Amino acid sequence: MAVYALTGFSLVSLLSFGYLSWDWMKPSLVADVATDPMEKSLPPTFTRPPHIIFILTDDQGYHDIGYHGSDIQTPTLDRLAAEGVKLENYYIQPICTPSRSQLITGRYQIHTGLQHSIIRPRQPNCLPLDQVTLPQKLQEAGYSTHMVGKWHLGFYKKECLPTRRGFDTFLGSLTGNVDYYTYDNCDGPGVCGYDLHEGEDVAWDQSGKYSTFLYAQRVSKILASHSPKEPIFLYVAFQAVHTPLQSPKEYIYRYRAMGNVARRKYAAMVTCMDEAVKNITWALKKYGYYDNSVIVFSTDNGGQTFSGGSNWPLRGRKGTYWEGGVRGIGFVHSPLIKRKRRTSWALVHITDWYPTLVSLARGNLSNVQGLDGYDVWPAISEGKESPRTEILHNIDPLYNHAKYGSLEDGFGIWNTAVQASIRVGEWKLLTGDPGYSDWIPPQTLTNFPGSWWNLERLTDGLRKSVWLFNITADPYERYDLSEQRPDVVRTLLMRLVHYNRTAIPVRYPAENPRAHPDFNGGAWGPWASEDDGEEWEGGREPLKNRNKKKKCKICKLRSFFRKLNTRLMSNRI
């Protein structure tokens with residue numbers, strides 16, 4: 001049995017804060033009961049394909065929404081969720097690129113070669129060009145498709161850009177994080193560039209505008225210029241609430257009573273984003289889209305706890321395979337839902353949106369092979385059982401191997417030093433190094449020291465490489481059952497073996513000096529020609545760049561520091 005140590009506070013004191021309340025799994029704090037009986041009437045039938053609005057937020061923690069008991073104000077999101085269907089058994093990936101790639105392709109990252117880390121600005125890498133994307137399928141179904149916000153799926157060639165992957169228009173950033181006002185992004189000392197693009201051009205003229213407002217305004221402009229009689233797909237990938245922690249002062253002032261500065265700024269950014277969603281919803285109604293629309297809201301990964309986010313009471317944080325890293329905030333709001341105003345515990349994964357939305361659009365999925373997602377609309381709209389029974393969280397063969405893992409610990413069928421995680425039914429298995437494993441309450445105390453954030457720590461897991469939890473009974477992952485249930489461990493290891501046989505080589509090439517913004521007029525953008533191929537050896541780096549790497553001492557130094565900081569990279573993702 002695990003031994004838990006409370007540092008600086010007693011269990012009683014945490015209960016007094018309300019941090020260990022077990023009420024979070026009960027119906028939400030926002031009423032699920034319609035005030036008007038007529039609101040429960042069945043929605044109109046689908047007379048034409050619905051307008052689809054997919055809103056994705058960045059680094060928003062599981063706890064950081066009003067209906068999860070947060071101290072952050074999110075009235076718009078709370079109302080939309082209360083009037084729709086809350087997804088409380090919804091899973092995403094622990095970092096940016098993997099979640100976005102699985103949303104866009106409907107495939108696990110082991111099936112796109114993106115199972116390790118993220119796509120970095122100087123890597124000759126992007127979402128595989130042979131993948132038919134979600135917006136491309138919606139275009140086939142007659143949709144106008146538009147993207148606003150963060151791409152983070154690679155841009156080293158023009159073929160990788162959003163406008164070449166299914167979007168009619170694009171306004172946003174290509175890299176993982178930029179300044180909210182200046183749109184500058186530095187990928188290391190002296191490697192800085194501007195990153196805001198309009199279509200395939202650099203949008204220099206938009207500098208100085210706060211991105212959350214800019215993106216919401218662009219959505220309204222698109223809706224105003226489009227006809228609601230024609231179906232539209234809007235992918236709104238907010239930069240918020242990723243670092244840097246920046247927000248208009250008037251939003252920060254609302255949280256002036258918060259003692260923790262990072263939490264105060266973070267809260268302001270969340271509320272600002274909530275207001276942007278309100279403006280988008282208002283535009284849908286103003287321009288005649290709302291009655292035939294489906295709004296999906298999703299986070300991309302768990303919150304970054306040392307940057308103001310909170311996943312309490314879940315274990316872990318962004319960049320980990322604990323529930324705090326992979327259980328997401330999700331809900332669907334639509335007049336077309338048959339059973340509204342409820343909470344769904346159907347198992348849903350971010351890969352499921354691809355077949356679900358294409359089916360809603362009356363698109364053709366018969367020619368798409370190898371999808372890992374399921375059509376979960378009947379589960380969402382009608383309350384039917386989810387077709388999904390398991391989730392491969394990931395298998396990452398390149399991540400630092402656990403010191404105490406071995407093939408022997410994996411019954412001779414799986415090397416438990418390899419970072420992997422899988423959910424089958426109510427069981428969840430983790431092997432290797434799952435990442436930072438503490439339970440971290442919201443940082444609400446004045447000048448809360450970073451060393452005290454880990455109020456509750458697991459003290460006996462340092463020599464382990466296998467964990468097993470019954471997630472239904474133990475959503476906080478407090479009771480490791482791997483020793484009591486070796487039969488279940490073996491069964492789930494066999495599932496990992498099965499998935500691993502279907503994995504393609506990892507695509508994680510070395511950084512290329514040609515990507516430096518100085519060679520592109522001071523902006524991040526494509527640097528490789530259309531003739532540059534993708535010849536990989538072991539999926540690690542382009543063969544043609546290997547000799548250049550050997551001659552480049554700076555490249556070796558960068559590689560050294562990249563490996564040295566592997567466990568700290570999640571703050572930059």
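Student: Where is P313 found?

Tutor: P313 is found in the loop between β12 and α8 (323–326), where helices (H or I, at least four residues) and strands (E, at least two) are DSSP runs numbered from the N terminus. The structure is a predicted model, in which local features need pLDDT of at least 70 and side-chain atom pairs count only at pLDDT 80 or more, while totals for chains, interfaces and linings use all residues. Residues are numbered from 1 along each chain as its sequence is written, and side-chain values use heavy atoms, with hydrogens and water left out.

Student: Which residues are joined by a cis peptide bond with omega about 5°?

Tutor: That bond joins W312 and P313. Another cis peptide bond runs from A240 to V241, with omega near 10°. V241 lies in the loop between β11 and α6.

Student: What makes Q239 count as buried?

Tutor: Its relative accessibility is 4%. Buried means under 20% relative accessible area, exposed over 50%, and partly exposed in between (1.4 Å probe, protein chains only), so Q239 is buried. Q239 sits in the loop between β11 and α6 (249–254).

Student: Which residues does Q239 touch?

Tutor: With residues up to four places away in sequence not counted, Q239 touches D58, V178, D179, Y180, S211 and Y215; contact means heavy atoms within 4.5 Å. Between the C-alpha atoms of Q239 and G149 there are 6.3 Å in space, against 90 residues in sequence.

Student: How do you know whether S117 and F411 are buried or partly exposed?

Tutor: S117 has a relative accessible area of 14%, so S117 is buried. F411 has 37% relative accessibility and therefore counts as partly exposed. S117 is not a glycine, yet its phi is positive, at about 55°. F411 is also a residue other than glycine, and its phi is near 60°. S117 is found in the loop between α3 (96–105) and α4 (134–140), and F411 in the loop between β16 (390–396) and β17 (419–424).

Student: What span is expected for α5, and what does α5 reach?

Tutor: Helix α5 (residues 211–225) has 15 residues and reaches 21 Å from its first C-alpha to its last. The expected span is 1.5 Å times one less than the number of residues, which gives 21 Å for α5, and the value reached is close to that.

Student: Which residues of α5 are buried, and what covers them?

Tutor: The buried residues of α5 are S211, T212, L214, Y215, A216, R218, V219, S220, I222 and L223. Their cover includes β5 (144–150), β6 (169–173), β9 (197–198), β11 (232–237) and α7 (261–286).

Student: Why is α5 called roughly parallel to α7?

Tutor: The two helices pack at an angle of about 5°, with axes 9 Å apart. Axes are lines fitted to C-alpha atoms, for helices over the stretch in contact, and angles run from 0 to 180 degrees between N-to-C directions. Angles under 35 degrees count as roughly parallel, over 145 as roughly antiparallel, 65 to 115 as roughly perpendicular and the rest as oblique. The angle of α5 to α7 therefore makes them roughly parallel.

Student: What makes up the contact of α5 with α7, by class?

Tutor: The contact has 10 nonpolar, three polar and no charged residues. Ala, Val, Leu, Ile, Met, Phe, Trp, Tyr, Cys and Pro count as nonpolar, Asp, Glu, Lys and Arg as charged, and the others, Gly among them, as polar. T212, F213, A216, V219, S220 and L223 of α5 meet C272, M273, A276, N279, I280, A283 and L284 of α7.

Student: Why are α2 and α7 called oblique to each other?

Tutor: Their axes cross at roughly 55° and come within 7 Å, so α2 and α7 are oblique. P75, T76, L77 and L80 of α2 make the contact with M273, D274, V277, K278 and T281 of α7. The residues of this contact divide into five nonpolar, two polar and two charged.
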